[in-house]
Amino acid sequence: MLDALGAPQSVLVLGATSEIAGATVARLAGRGRLRRVVLAGRPGPGRDAAVAAASATLGAEVAVETADFDATDIGSHARVLGAVFDAGDVDVTLLAFGVLPPTPTLADPAAAAEVVTTNFSGAVSALTVVAERSRGQGHGILVVLSSVAGERVRRSNYLYGSTKAGLDAFATGLGEDLRGSGVSVLVIRPGFVRTSMTAGMAEPPMAVDADDVAAAVLGHLTGPSRTVWVPGQMRLVMSALRHLPAAAFRRLPI
Amino acid sequence: MSRVPLTGWGRSTRSTADLAPALTVDDVVDAVRAARAVRTDPASAGRSRGILPRGLGRSYGDAAANGGGVVLDMVGFGSLGPVDADGIVEVGAGVSVGELIDAAVPQGWFVPVTPGTRHVTIGGALAADVHGKNHHRDASIGAHVEGLTLVDGCGEVRTLTRGDEQLDAVIGGMGLAGVITSARLRMRPVRSASITVETSRTADLDATMTALEEHDQRFPYTVAWLDTLAPGGALGRGVLTSGDHSAPDEPGALPLDGLPRPRAASAPPWAPSGMVNRSTARAFNEAYFRRAPATATTAPASLTTFFHPLDVVDGWNRAYGARGFVQYQVAVADGSVIEAVLELFRREQVVQFLPVLKRFGPGTGAPLSFPQPGWTLALDVPASSEVAAVLDRADELVVAAGGRCYLAKDGRVRPELVRTMYPDLPRWQQLRAELDPDGVFVSDLSRRLSLC
């Protein structure tokens with residue numbers, strides 16, 4: 001659990017290669033008590049590089065472990081993630097995996113459904129395991145990276161947006177369900193984040209860096225707000241956009 | 001049994017546990033055996049969260065919490081025998097120090113040691129080996145235990161008496177060496193229900209320390225409140241309150257049967273987080289210092305006023321708001337380290353409240369018992385991640401001089417430092433393993449600091 005001054009000792013990252021997760025773990029380590037980081041993701045050069053980067057950034061005091069986690073291999077989640085909890089408490093879990101299709105949707109029905117499997121079904125399954133185990137330890141913070149793309153779905157990325165809408169709704173409901181259990185869910189809704197996932201895309205207004213998202217996570221680890229927009233002004237923007245008539249919304253250059 | 005969120009008195013750490021009321025030794029035995037069955041079955045060991053006794057929840061950090069596990073509510077162990085002619089009383093682990101005082105004073109006896117609140121259970125007081133204003137003369141409460149009854153980690157009932165080595169694992173053992181169900185304490189004879197208090201002011205930290213050393217020769221009870229926000233050379237100016245039990249014929253002294261019933265007002269539940277800040281703390285300090293007489297005066301005071309001044313406000317800990325606070329308490333032999341810590345806090349503008357300074361006499365020798373000869377400083381700091389690094393630097397100063405933090409107050413120390421602070425930890429672990437071979441007793445504190 002977080003210590004009296006808000007420092008975690010252990011973090012589980014679902015989505016080992018996520019840059020937002022990397023920045024968040026670095027900031028959590030800055031609170032001075034981080035000793036165990038588990039990077040869960042598919043084995044391979046990407047995860048190896050993330051382990052090397054984390055080890056270099058976090059120093060010798062922090063043990064960087066891996067877990068062979070594949071979001072689409074739903075049958076393995078209970079075993080793989082359960083083992084992480086069996087080995088020791090997990091204070092903070094960051095759900096940071098997801099794929100962004102190159103086009104608004106995918107013509108191949110199987111490929112389109114696969115995006116849903118990764119971003120939504122896989123996330124629901126992983127969160128179900130993590131929530132149950134966190135409840136069992138009587139504490140835990142589940143940080144779920146959602147997106148404003150799910151708040152008002154646009155024609156330009158509605159497949160991605162629909163998965164984030166589902167994830168956001170599930171995570172929000174899960175947070176309510178977990179009230180009183182000692183476990184809380186923090187839903188993060190970033191706007192456009194400059195990462196390798198968005199590299200080469202036209203940058204809209206209010207774009208942020210991975211570290212801006214990390215700062216928002218740290219600022220709301222505890223406290224009353226369980227849905228957080230990054231940047232904070234995005235909340236007002238999305239509030240307006242949500243209520244815009246479709247005829248007006250589709251004319252917007254976004 | 002119900003699942004409830006538990007925090008320490010500082011309200012800065014929290015976890016949820018199954019709180020199980022225990023009323024009889026059999027209740028404790030059954031609960032410990034059930035927890036042990038989960039722990040020793042390979043099929044469930046990975047999910048085992050252990051069991052821990054809890055009293056009135058006055059430890060400030062995570063010592064009395066056990067996230068996901070079982071927490072035995074021990075306040076039902078309320079049996080309280082008469083004080084015999086030798087001053088020995090048999091008392092249930094759930095009896096509070098205050099209840100014991102209320103029962104014993106009319107019989108002409110007082111508790112051998114009381115901490116700064118009457119709302120701690122005897123079980124908790126022994127598990128934390130608490131100290132009071134008479135430590136320089138009488139050591140901590142563990143020095144006044146004739147024996148105790150304990151349910152060990154196998155669910156066996158044991159009686160430990162003075163001289164048993166395993167008692168050293170229980171005294172100061174933070175509830176991790178077994179569940180104390182009752183204890184035999186040696187009380188102190190008194191002839192009135194009052195304390196005759198000498199109140200005096202000092203000009204700076206040096207003067208405060210000198211005065212404390214001098215008063216320790218003259219008084220069984222001494223403590224100094226410090227003004228750590230005073231400007232310049234006045235850092236550590238203070239108000240000393242030193243006292244002894246009043247003689248029955250002293251003017252104003254209360255007779256043994258004249259103990260007033262303690263009454264408490266409530267702190268408002270809406271107290272905002274910012275109520276304790278640098279400005280209010282500074283204003284309070286100035287007023288508190290000015291209220292004390294410039295030249296020493298002597299007057300009788302009630303037991304509550306002298307020993308438990310904060311108890312007059314119920315739930316005063318809520319004044320720190322939603323994030324709570326930490327109490328930073330250290331013991332160190334070298335007085336210059338106290339000065340260095342206070343100067344560090346002033347330089348870094350640490351918001352601090354109610355700092356107190358006292359001299360410790362010899363410790364009890366129990367491996368995890370906090371008091372060691374020298375000085376102890378305690379102060380409240382509103383919880384915030386911004387203060388973490390400064391407290392870490394203060395720890396380094398203290399540890400470099402052979403000092404330590406108090407586990408009953410802690411919620412944030414670097415785990416790696418505990419081995420240096422408590423060099424006898426391996427001996428404690430060994431004794432504890434005899435009492436709890438399967439590691440059934442667990443707390444959030446023990447997990448955070450890898451104590452067991």
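Colleague: Which residues does A:S125 touch, not counting residues up to four places away in sequence?

Modeller: This is a predicted model, in which local features need pLDDT of at least 70, side-chain atom pairs count only at pLDDT 80 or more, and totals for chains, interfaces and linings use all residues. Residues are numbered from 1 along each chain as its sequence is written, while chains are lettered from A and ligands numbered from 1 in the order in which they are written. Two residues are in contact if their C-beta atoms, placed from the backbone, lie within 7 Å, and A:S125 touches A:I74 and A:H77. A:S125 lies in helix α4 (residues 109-137) of chain A; helices (H or I, at least four residues) and strands (E, at least two) are DSSP runs, numbered from the N terminus.

Colleague: Why does A:S125 count as buried?

Modeller: A residue is buried if 20 or more other C-beta atoms lie within 10 Å of its own, exposed if 12 or fewer, and partly exposed in between; A:S125 counts as buried because it has 20 such neighbours.

Colleague: Which residues are buried in helix α6 (residues 210-219) of chain A?

Modeller: They are A:A210, A:V213, A:A214, A:A216 and A:V217. Seen down the axis of α6(A), they fall within an arc of 160°, so they line one face of the helix, the arc being that of the directions from the helix axis to the C-beta atoms.

Colleague: How many residues of strand β19 (residues 374-382) of chain B are buried?

Modeller: Eight of its nine residues are buried. Strands pair if DSSP finds at least two bridges between them, and β17 (residues 325-332) of chain B pairs with β19(B) in the antiparallel sense over eight bridges.
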